[in-house]
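User: I want to learn how terms get assigned to side chains. Please take me through some of them.

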Amino acid sequence: MFVIEGKKEIGLARDAGYALDTLFFCEAIIPATEADRYTQPQTLLIPVSEEVFEKIAVRESTGGLVAIARQKPHSLGGLHLRARPLLLIVEAVEKPGNLGAILRTADAAGVDAVIICDPQTDFYNPNVVRSSVGCVFTKQIAAATSEETIAWLRKNNIAIYCTYLQASRPYHEVDFTLPSAIVMGTEATGLSDVWIDNSNANIIIPMQGKIDSMNVSTAAAVVVFEATRQRGFVF
């Protein structure tokens with residue numbers, strides 16, 4: 001079970017098929033008739049006072065709703081891919097805010113799925129839900145080890161493109177119109193050797209300043225939108 005705050009986020013979770021067990025609403029903020037629109041047949045709708053709602057809500061802008069929902073399984077085998085899939089893979093992401101921002105980028109770019117290898121943070125952390133603006137519910141997500149993911153990519157004939165500081169190939173020179181997986185590492189340590197050794201091409205974002213890296217969510221956006229540009233923003 002996990003907590004979802006906010007009308008937009010709860011609506012996205014409901015539309016994505018998440019089971020909402022309980023929905024708390026503050027009658028001073030939202031009427032019962034409107035709160036009831038966010039429920040499912042099994043949802044227990046509970047009115048609470050402003051004082052109680054302030055205790056259970058972490059955010060200030062929730063629209064008067066807090067839900068308790070059931071998690072979904074996130075296996076590689078459960079992913080549904082299009083003919084020319086574009087995947088975003090992140091290894092050992094630690095910060096909930098970064099994961100949320102990556103999921104928001106994935107939604108905006110229309111990638112098929114986000115795969116988190118050896119995750120170091122909970123998909124359903126409230127900060128992930130908040131920073132993704134609910135996009136944690138709009139994209140297919142899977143969790144697996146790096147080795148399992150590489151084997152799955154090979155089985156499905158999906159090319160692996162790893163962002164790597166020592167790479168000599170600029171990211172925009174790669175053909176992302178083919179089935180592709182863009183792989184990002186952590187800002188501190190980058191990608192593990194198993195990814196570099198199994199990459200079809202290691203790519204780099206050319207830097208013009210004095211630093212050699214960007215925030216992982218920013219780097220993901222740069223590369224993913226180059227891939228969508230090459231595809232004419234159509235899949």
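User: What makes Tyr161 buried?

Analyst: Buried means under 20% relative accessible area, with exposed over 50% and partly exposed in between (1.4 Å probe, protein chains only). Tyr161 has 8%, so Tyr161 is buried. This is a predicted model: local features need pLDDT of at least 70, side-chain atom pairs count only at pLDDT 80 or more, and totals for chains, interfaces and linings use all residues. Residues are numbered from 1 along each chain as its sequence is written, and side-chain values use heavy atoms, leaving out hydrogens and water.

User: Is Phe176 buried or exposed?

Analyst: Phe176 is buried, because its relative accessible area is 0%.

User: Why is the pair of Tyr161 and Phe176 called edge-to-face?

Analyst: Rings of Phe, Tyr and Trp (its six-membered ring) pair if their centres lie within 6.5 Å; planes under 30 degrees apart count as stacked, over 60 as edge-to-face and the rest as tilted. The centres of Tyr161 and Phe176 are 5.4 Å apart and their planes are at 80 degrees, so the pair is edge-to-face.

User: How many aromatic pairs are there by this rule?

Analyst: The count is six aromatic pairs. One of them joins Tyr18 and Tyr124: 6.1 Å centre to centre, 80 degrees between the planes, edge-to-face. These two residues are 106 residues apart in the chain. Both Tyr18 and Tyr124 are buried.

User: Which residues do ring pairs link into a cluster?

Analyst: The cluster holds Phe2, Tyr18, Tyr124 and Phe137.

User: What lies over the face of Tyr18?

Analyst: Lys72 does, at 4.6 Å from the ring centre. The rule asks for NZ of Lys or CZ of Arg within 6 Å of the ring centre and within 35 degrees of the ring normal.

Terms used. Helices (H or I, at least four residues) and strands (E, at least two) are DSSP runs, numbered from the N terminus.
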